[in-house]
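Please walk me through the features of this structure. I would like the general idea of each feature and then the case at hand.

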Amino acid sequence: MSDLKNMYKTLQQDPFPEEMTLRLGEQEMVFKKRTWEIDGETKGLRYGENPDQPAALFELKESELEVGGVKFRGPGMQLVSALTEENMLQAGKHPGKTNLTDVDNALNILQYLSAKPAALILKHNNPCGAAWTDEGLAVAMKRAFDADRIAAFGGAVVVNRPLDMATAEVINSAYFEVVAAPAFEPEALEEIKKRKNLRILQIPGINDLEQYSRQPFLDIKSLTDGGMVLQFSFRNAIRTAGDFIPAMAEKDGNAFTARQPSTAEADDLLFAWAVEAGVTSNSVLFVKNGVTTAIGTGEQDRVGCVQLAISKAYTKYADLLAFNELGKSLFELKLAARNDAEMAEKLEKIEARTKEDRGGLPGSVVVSDGFFPFRDGVDLCLDEGVSAIAQPGGSIRDHEVIQAVNEATPQVAMVFTGQRSFKH
């Protein structure tokens, strides 16, 4: 058993060269391998996606890439790949590939969320809790954590404001692998350093994310046969509530128009669509008051994704009730309830409240990364009491989907984004 545990502690020896050059036609991109001096040793990535996969991190050092008249991000705009020893305020067990790609995907989301203090918790390259608010970073952090206590365990926390003491105390109330911020207040840094294995990363470029967001980077997908697919990175077209498109469709000479969202609904839809940029497709998100109430990821069918999100919402809502009232997770309570009549009664009451409150979903808004091909997914959302929906539009059944929200009581709003947000 000790050998199995050592698998996660063993540093893979990095066999990759110090430099890599990518030539596109007559243009070149030159990359340098990133290593750090840690504990008197030169170390690269801890390992790749799994402990038996050697890996290396490369930083773009030379490039003025322009494709189709569009200039791509170049040197001096790096974030995760530019981390130095000075940025690694505490190495912990020092980062592996998944630690850094989780942080990177958080930055992918945060580039659209500079307007308010925001906190994200990521696991397996997907957000499990996200929140933003004018009430401050600590409030955002607590709400992001409460959004899904179960999935947050061992996650990566990334925030877009200097990390203060109140936020540090929220972070230290749970177990995380990584914390990243543009800066740290001294007492807050000392607080989170109490977790000796925590990787603590200072990324000043977080302050410049909004500026970077208008410029694409070269997105490379590797194929199993060694080939590659190159694409422009996704660029969010919905930057303000005014960018949403009224949901309208025609069928057999009849016009169908959905209700426009209120100011509060539009603000939640804007936040949800920004978070959607970092969620693995096929996906839907539920958001209420600037907090994710459910995230469904990676399903093959859209109605199944809605079902998954709703199911997870009910589970995490019951878990939060159990923890706040009894200091136990939902699963600890279920275990205790097997042989304890009092615990069984408490479990029954929590499950009844969860069902009555519909997992905290009523009043949420929903975004979908692709259009609804049928109204079934929308009807499931309506059954949970959502108030507004944003989706790309463009389905031959858009009129049926608009009919669905118009038939709801009270009438549910819908807007189109005019772009799809798939992420694979």
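Predicted model: local features only at pLDDT ≥ 70, side-chain atom pairs only at ≥ 80, totals over all residues.

Q: How many residues has helix H11, and what span does it reach?
A: Helices (H or I, at least four residues) and strands (E, at least two) are DSSP runs, numbered from the N terminus. The expected span of a helix is 1.5 Å times one less than its number of residues. Helix H11 takes in residues 341–356, which is 16 residues. From its first C-alpha to its last H11 reaches 22 Å, close to the 22 Å expected.

Q: Which residues of H11 are buried?
A: Buried means under 20% relative accessible area, exposed over 50%, and partly exposed in between (1.4 Å probe, protein chains only). In H11 the buried residues include Met343, Leu347, Ile350 and Thr354. They lie on the same side of H11 because they cover an arc of only 65° around the axis, the arc being that of the directions from the helix axis to the C-beta atoms. On the other side of H11, Ala341, Glu348, Lys349, Lys355 and Glu356 are exposed. Alanine 344, also in H11, counts as partly exposed at 30% relative accessibility.

Q: What do the buried residues of H11 pack against?
A: Contact means heavy atoms within 4.5 Å. The buried residues of H11 pack against helix H9 (302–326) and helix H10 (330–337). Take threonine 354, which has a relative accessible area of 4% and is therefore buried. Not counting residues up to four places away in sequence, threonine 354 touches Tyr314, Tyr317, Ala318, Leu321 and Gly359.

Q: In what order do the strands of the open sheet of three strands come?
A: Strands of a sheet pair through backbone hydrogen bonds, either parallel or antiparallel. Two strands pair if DSSP finds at least two bridges between them. The open sheet has the order S1-S2-S5, with antiparallel pairing. Its edge strands, S1 (19–24) and S5 (57–62), each pair on one side only. Strand S2 (residues 27–34) is joined to S5 by five bridges, and arginine 34 stands opposite leucine 57 in S5.

Q: Where do the side chains of strand S22 point, and are they buried or exposed?
A: In a regular strand the side chains alternate between the two faces of the sheet. Strand S22 (residues 388–391) is covered on both faces: Ala388 and Ala390 are buried on one side, Ile389 and Gln391 on the other. Three bridges join S22 to strand S21 (residues 365–368), and these two strands run parallel. The bridge partner of valine 367 in S22 is alanine 390.

Q: Which peptide bonds are cis?
A: One of them runs from serine 281 to asparagine 282, with omega near -10°. Asparagine 282 is found in the loop between helix H8 (263–276) and strand S19 (284–288). Another cis bond joins threonine 409 and proline 410, with omega about -5°.

Q: Where is phi positive in a residue other than glycine?
A: Histidine 124 has a positive phi of about 55°, and phi of asparagine 125 is near 65°. At 70% relative accessibility histidine 124 counts as exposed, whereas asparagine 125, at 24%, counts as partly exposed. Arginine 358, which follows H11, also has a positive phi, near 50°.

Terms used
Residues numbered from 1 in each chain as written. Heavy atoms only, no water.
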